[in-house]
Each structure stands twice: as C-alpha cells, then as structure tokens.
Amino acid sequence: MKDYSEKRDFHRMQINSEIEITDSQGNRFKGICRDLSAAGMQLYVEQEVAVGEELQTILHSSSDQFPPLETVCEVIRCEPEGDGFLLGTNISEVTR
C-alpha cells in the first residue's frame, strides 16, 4: 500500500522558477512556480486570486533546448503565506 505522500496520480517536481501569469481580465503579473506535475502547479504570488479564476501561464525553460511551458489553469485553492498567497491550480490545457 502506498503511503500518503505517494497517493497522487502524478509526481510533483520542485522547481521554484519565475512564472508569468495573465488573469481572465488581462492583468499580467509574475509569481514563483514552486512545483509542477502533469495535472497542476503550486504558485506563489503577491496578490490574492479568486478560487475558480482561469489563469494563463508561461514558465520559461532554463535551457534554450526546450520551449517555454504555456498553460491554462484554474485556481482551486488560495491561501495566505508570508507576504503573499499560495495558489493550488489544475492545468486544464497545455497550449505550448
């Protein structure tokens, strides 16, 4: 039997990389992508984002050999953390 930390369908990669975010009103801001899986991302941002909000994201690669990861995702959780907010998102579409 899997222990609790292994019950996810997809493994999460810890990445801590800057990510560009655009909300449904066209507002652009930056955040930190703390981890990434095939199904979602955990993002740290400075402003509160409503649960249910659709975000477009661009996560640039650290290598020129790989294109940026561009997604559409939905915020499923927004919790205060430090001076900002921690977002849990589900990836609904990978656009590039």
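Modeller: One definition to start: buried means under 20% relative accessible area, exposed means over 50%, and partly exposed is in between (1.4 Å probe, protein chains only). Also, this is a predicted model, so local features need pLDDT of at least 70 and side-chain atom pairs count only at pLDDT 80 or more, while totals for chains, interfaces and linings use all residues. Residues are numbered from 1 along each chain as its sequence is written, and side-chain values use heavy atoms, with hydrogens and water left out.

Biologist: OK. How many salt bridges does a search of the whole structure find?

Modeller: It finds 4, where a salt bridge is a side-chain nitrogen of Lys or Arg within 4 Å of a carboxyl oxygen of Asp or Glu.

Biologist: Which residue does Lys30 form a salt bridge with?

Modeller: Glu18, with the closest N and O atoms 3.6 Å apart. Lys30 sits in strand β2 (residues 28–36) and Glu18 in strand β1 (residues 13–22), so the pair ties together parts 12 residues apart in sequence. Strands here are DSSP runs (E, at least two residues), numbered from the N terminus.

Biologist: What about Arg34, what does its side chain meet?

Modeller: Glu81, in a salt bridge at 2.6 Å, N to O. That one links distant parts of the chain, with Arg34 in β2 and Glu81 in strand β5 (residues 69–81), 47 residues apart. Arg34 counts as partly exposed because its relative accessibility is 23%, and Glu81 does too, at 31%.

Biologist: Which residue does Arg77 pair up with in a salt bridge?

Modeller: Glu79, at 3.6 Å, N to O. Arg77 is partly exposed at 32%, and Glu79 is partly exposed at 37%.

Biologist: Switching to strands. How do β1 and β2 run?

Modeller: Antiparallel, joined by 8 bridges; two strands pair if DSSP finds at least two bridges between them. Ser17 has Cys33 in β2 as its bridge partner.

Biologist: What's between those strands in the hairpin?

Modeller: There are 5 residues, and Gly26 in that hairpin takes a positive phi near 90 degrees.

Biologist: What does Cys33 stand opposite in β3?

Modeller: Leu43. β2 and strand β3 (residues 40–45) pair in the antiparallel sense over 4 bridges, and a hairpin of 3 residues joins β2 to β3.
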